[in-house]
Amino acid sequence: MNIIIIEDEKPSARRLQRMLTALNMETETMLHSVEESIEWFQNNEHPDLIFLDIQLSDGLSFEIFEAIDIKSAVIFTTAYDEYALQAFKLNSIDYLLKPIDEDDLEKAVSKFNDRAPKQKKVTLDFDDIKKLLVNPIEREYKKRFSVKVGQHLKLINIDDIECFYSENKGTYAYTTEGRNYLLDTSLEQLEDELEPHKFFRISRKFFVNVNAIKDMVSYTNSRLQIKLNTFNEHEVIVARERVKDFKEWLS
């Protein structure tokens, strides 16, 4: 069987290659960008199966299919959450959620092998998938947090929070009234709970509320420093690898 991996993160591609080798499935070709993949498909016989990441270094992998009529079955490897994955289910596409689990990989491969040869090429409705990835199925986001203050519980409305940040293994909410509150959660958990149009994770340490941004200043190493309305306990810096996405989020 001819198999290729299209994945922009080379360590992830090598890990998947090793996992497939353990299933007696050899993969010699690994591609890492839309441009590289299009060129490869133009000059090579199409494989039986593609393991395809959604977000590549130079764009969405759907652009490959818009340029080339792919003659292969596809198993997506993706970090998108369960809501966006509804898109793949609706289009009868196999997918693996990162980080890839060995058992899930084996089941996906078995599902592929069980299909009759004529069924292995999937007809993909990329427009529908992209719509669901950009505008996932309506979901509820956090409207408030309950925090313990002494022997009391206090409710904090989400609109009253300027930022969330981590410090000394704790996660804190900083409010417009200038108070810090320790939360029983992590920044990773907050990624699924915060309204993405309102809050952005600018670094491993900070989420900021767009309505709390007072100023933005160029910073060293192509980064940005954020000035919030009242928060001044730490420097709030947009990580260099997130500056581009942050600017797009603002617009």
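Me: How many salt bridges does a search of the whole structure find?

Reply: The search finds three. A salt bridge is a side-chain nitrogen of Lys or Arg within 4 Å of a carboxyl oxygen of Asp or Glu. This is a predicted model: local features need pLDDT of at least 70, side-chain atom pairs count only at pLDDT 80 or more, and totals for chains, interfaces and linings use all residues. Residues are numbered from 1 along each chain as its sequence is written, and side-chain values use heavy atoms, with hydrogens and water left out.

Me: Which side chain meets D159 in a salt bridge?

Reply: That of K198, at 2.7 Å, N to O. D159 sits in the loop between β9 (152–157) and β10 (161–167), and K198 in the loop between α7 (187–190) and β13, so the pair ties together parts 39 residues apart in sequence. Those labels follow DSSP runs, numbered from the N terminus: helices are H or I with at least four residues, strands are E with at least two.

Me: Is R201 buried or exposed?

Reply: Start with the scale. Buried means under 20% relative accessible area, exposed means over 50%, and partly exposed lies in between (1.4 Å probe, protein chains only). R201 has 9% relative accessibility, so it counts as buried. D159 is partly exposed at 49%. K198 is also partly exposed, at 23%.

Me: Which side chains meet R201 in salt bridges?

Reply: E188 meets R201 at 3.0 Å, N to O. E188 is in helix α7 and R201 in strand β13, 13 residues apart. E191 meets R201 at 2.8 Å, N to O. E191 lies in the loop between α7 and β13, so this pair ties together parts 10 residues apart in sequence. E191 is partly exposed, at 45%. Shared partners join E188, E191 and R201 into one network.

Me: What is the strand order in the open sheet of five strands?

Reply: Two strands pair if DSSP finds at least two bridges between them. Here the order is β12-β11-β10-β14-β13, with antiparallel pairing. β12 (180–183) and β13 (199–201) stand at the edges with a single partner strand each, so one side of each has no neighbour in the sheet. Neighbouring strands are turned by 20° against each other on average, direction ignored. Axes are lines fitted to C-alpha atoms, for helices over the stretch in contact, and angles run from 0 to 180 degrees between N-to-C directions.

Me: How many bridges join β11 to β12?

Reply: Four bridges join β11 (residues 170–175) to β12, and the two run antiparallel. Y174 stands opposite N180 in β12.
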